[in-house]
Amino acid sequence: MKYVIMADGKGSRWNNFMGHSKHRIRIEGETLIERTVRLVHEYDKSAEVIITSHDVSLSIAGAERYEPKNNVLEIDRFTAELIEDDMCFLYGDVLYSEQAMETIVSRRGISPVLFFGSRDSICAVLIKDGALFKDLYLEVRRRYVEGEISECKGWQVYHLYAGLPLMGRDISSDYIVLDSFTRDFNSPEDYLGFASKN
């Protein structure tokens, strides 16, 4: 199974806080990216792990770094040319717990597309049907480019798939809530809030 760790965002909210990208946040001696790569291999011994990034410092043992061909809109972090059957997209700015990674890996093949995260943030997308997911991605991208919607993110892909209104953060089927098992870092405030409690 192929796992794609998305780490080619603009980082505008993080703004190079602490002198590095949010993917290089160190927690318990390892960066977020290193932790994610390690956990994927622990729970799927035959995993192929790809980190999508133009940043050469994100070349990590146990993963191949891939430079996306098209990274214009936020939704493009779902690197279109890598979408295929039986794969998983993981967000590179997320602190996954062991329980979260075990939950994600163990749900392979259950649904054509399965989303994971908190009620506020998606942290993983498990894909059984690559053609379906690519169609969803392209349709959301088209609607954004043509001005039909004002956001173009993973939430819009999930809402289109689940038959929900494209704006908002509603959850229905094919979404596994991992509230207490993950933490994402979009801004310095996210990290500082986490650090003050740990």
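**Charged side chains in the model**

Trainee: Does Arg65 count as buried, exposed or partly exposed, and at what relative accessibility?
Mentor: Arg65 counts as partly exposed, because its relative accessibility is 24%. Please keep in mind that this is a predicted model.

Trainee: Which side chain does Arg65 meet in a salt bridge?
Mentor: The partner is Glu67, with an N to O distance of 2.9 Å. Glu67 is likewise partly exposed, at 39% relative accessibility.

Trainee: How many salt bridges does the count come to?
Mentor: The count is 13 salt bridges. One of them pairs Glu84 with Lys2, at 3.1 Å from N to O. This pair links distant parts of the chain, 82 residues apart: Lys2 belongs to strand β1 (residues 2–6), and Glu84 to the loop between β5 (64–66) and β6 (87–91).

Trainee: Is Lys2 buried or exposed?
Mentor: Lys2 is buried, because its relative accessible area of 6% falls under the 20% limit. Glu84, by contrast, counts as partly exposed at 37%.

Trainee: What does Glu151 form a salt bridge with?
Mentor: Its partner is Lys153, and their closest N and O atoms are 3.2 Å apart. Glu151 is partly exposed at 23%, and Lys153 is partly exposed at 22%.

Trainee: Which residues do salt bridges that share partners join into one network?
Mentor: That network consists of Glu139, Arg142, Arg143, Glu146 and Glu148.

Trainee: Where does Asp129 lie?
Mentor: Asp129 is in the loop connecting β9 (122–127) and α3 (130–145). Asp129 counts as partly exposed, at 30% relative accessibility.

Definitions and conventions: Residues numbered from 1 in each chain as written. Predicted model: local features only at pLDDT ≥ 70, side-chain atom pairs only at ≥ 80, totals over all residues. Heavy atoms only, no water. Helix = DSSP H or I, 4+ residues; strand = E, 2+ residues; numbered from the N terminus. Buried < 20%, exposed > 50% of the residue type's maximum accessible area, 1.4 Å probe, protein only. Salt bridge = Lys/Arg side-chain N within 4 Å of Asp/Glu carboxyl O.
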